[in-house]
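I opened this model to look at two things.

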Amino acid sequence: MTYLAKPKFHHPALPKNALGYTHRDYEGAISTLCAGCGHDSISSAIIEACFELAIAPHRVAKLSGIGCSSKTPTYFLGQSHGFNSVHGRMPSVLTGANLANRELIYLGVSGDGDSASIGFGQFAHAIRRGVRMVYIVENNGVYGLTKGQFSATADRGSKSKRGSVNRDAPIDLVAIALQLGATFVARSFSGDKEQLVPLIKAAIEHEGAAFIDVVSPCIAFNNHAGSTKSFDHVRAHNEAVNRLDFVSPRAPIAVQYAPGTVEIVEQHDGSRIALEKLAADYDVTDRLAAMNYLQTHSALGHIVTGLLYVDREPEDLHRHLDTVEAPLNTLSERDLCPGSEALDVINDGLR
Ligand SMILES: Cc1ncc(C[n+]2csc(CCOP(=O)(O)OP(=O)(O)O)c2C)c(N)n1
Ligand code: SF4
Ligand SMILES: [Mg+2]
């Protein structure tokens, strides 16, 4: 593996965000993925989203498992906290970190193998518990890192590079996330930065479990005719139900969409998502309708993208557990051990 240090030089004319940072402050090491890999486009969308939201890099914790996708946190947000865990184990590590310190923004980056095969149980439990996070699956339908075996998200009937046909039923992580109670669910395509960047921004501001499945072609092992995760196939079958702009709290809404097609979805923190409805009958706040729409359109071979579901009043794991606001490492001995009198009160309450 090669590693090239990026020059520290910042051109003085580079645009700066509200914190005075340039895009360079949100980058990481040079990618060692195959040139043209969809995953690199997702990294650049994450960089763009964090730049536009003017997030201080030290406020982000990026966590991943194992795979080409899970390597990508090295290639963005080089000044953020990072933890590259074990294959399929990112969700439990992220859950623990989130419980210990809710003040950080948690970004979980995973692959379809990492989340739909070995880590399927971990994925399910982090979602159903409502861990506040942005959970991104970079979905290429194969185990890219181990040379292109079908993953559990590969469509039945799709062909491998060597011509073998996948006979197993696919797992649709979006359908599962909806069923398990995720409060923000989206699907996008690594080749559609205009859709992906505002989705990531809205997911970061969402105060619950946000899941984004990003179809991200593997150019080395799954970009041929017969694959349903190739660039050509996704471009031909992509059916966006909406396009969106993310509007931070207090900023005026100025979107370019045709009158009458815009729906404003206000999130709990006051941020707003301006949605251009492309499918007139699609309601992003109706979970059951979203599940039905997805299944119907997937049976027709469509890849439905956009913001698919959002709960305007999400709850997260901290609310369910009634935890303390402060990060655990800032609690004093007195907070943790309030003395025998406090214990007596608790014991009396249990009698
Ligand atoms: C416990 C364990 N089992 C198996 C492996 C081998 N392994 C490494 S990456 C990988 C699959 C990666 O696929 P995916 O998560 O889809 O990432 P991609 O490379 O496609 O981005 C496997 C099976 C491993 N590293 N650890
Ligand atoms: S093997 Fe596939 S997933 Fe891995 S870096 Fe290359 S193109 Fe990307
Ligand atoms: Mg994969």
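Before the first pair, I need a cut-off: angles under 35 degrees count as roughly parallel, over 145 as roughly antiparallel, 65 to 115 as roughly perpendicular, and the rest as oblique. I also keep in mind that this is a predicted model.

**Entry 1: helix 1 and helix 7**

I looked up helix 1 (residues 38–52) against helix 7 (residues 193–205). Their axes come within 9 Å and cross at roughly 55°. Helix 1 and helix 7 are therefore oblique to each other. I noted the hand as well: helix 1 passes helix 7 in a right-handed crossing. Next I listed the residues that touch. Helix 1 brings Ile42, Ser44, Ala45, Ile46, Glu48, Ala49, Cys50 and Glu52, and these meet Lys193, Leu196, Val197, Ile200, Lys201 and Ile204 in helix 7. I sorted the residues of this contact by class and got 9 nonpolar, 1 polar and 4 charged.

**Entry 2: helix 6 and helix 9**

I turned to helix 6 (residues 173–180) and helix 9 (residues 287–299). The axes come within 10 Å and cross at roughly 160°. That makes helix 6 roughly antiparallel to helix 9. The crossing of helix 6 past helix 9 is left-handed. From helix 6 I wrote down Val174, Ala175, Ala177, Leu178 and Gln179, which meet Arg287, Ala290, Met291, Leu294 and Gln295 of helix 9. The contact of helix 6 with helix 9 has 7 nonpolar, 2 polar and 1 charged residues.

**Entry 3: helix 3 and helix 5**

I checked one more pair. Helix 3 (residues 90–100) packs on helix 5 (residues 120–129) at an angle of about 35°, and their axes are 7 Å apart. Met90, Pro91, Ser92 and Thr95 of helix 3 meet Gln122, Phe123 and Ala126 of helix 5. Here I counted 4 nonpolar, 3 polar and no charged residues.

**Entry 4: ligand 1**

Which residues come nearest to ligand 1? There are 17 residues around ligand 1, and Cys68, Ser69, Gly113, Asp114 and Gly144 come nearest. I then looked for polar contacts to oxygen atoms of ligand 1. Asp112 has a polar side-chain atom 2.9 Å from one oxygen atom. For Asn140, a polar side-chain atom lies 3.1 Å from an oxygen atom of the ligand. Val142 uses its backbone: an N or O atom there lies 2.9 Å from an oxygen atom of ligand 1.

**Entry 5: ligand 2**

Around ligand 2 I found Leu33, Cys34, Cys37, His39, Cys68, Asn140, Gly144, Cys218, Ile219, Ala220 and Phe221. By class, this shell has 8 nonpolar, 3 polar and no charged residues.

Methods: Residues numbered from 1 in each chain as written. Chains lettered and ligands numbered in written order. Predicted model: local features only at pLDDT ≥ 70, side-chain atom pairs only at ≥ 80, totals over all residues. Heavy atoms only, no water. Axes fitted to C-alpha atoms, helices over the stretch in contact; angles between N-to-C directions. Helix = DSSP H or I, 4+ residues; strand = E, 2+ residues; numbered from the N terminus. Left-handed = near helix turned anticlockwise from the far one by under 90°. Contact = heavy atoms within 4.5 Å. Nonpolar A, V, L, I, M, F, W, Y, C, P; charged D, E, K, R; others polar. Near = heavy atom within 4 Å. Polar contact = N/O pair within 3.5 Å; in protein donor to acceptor, adjacent residues only side chain to side chain.
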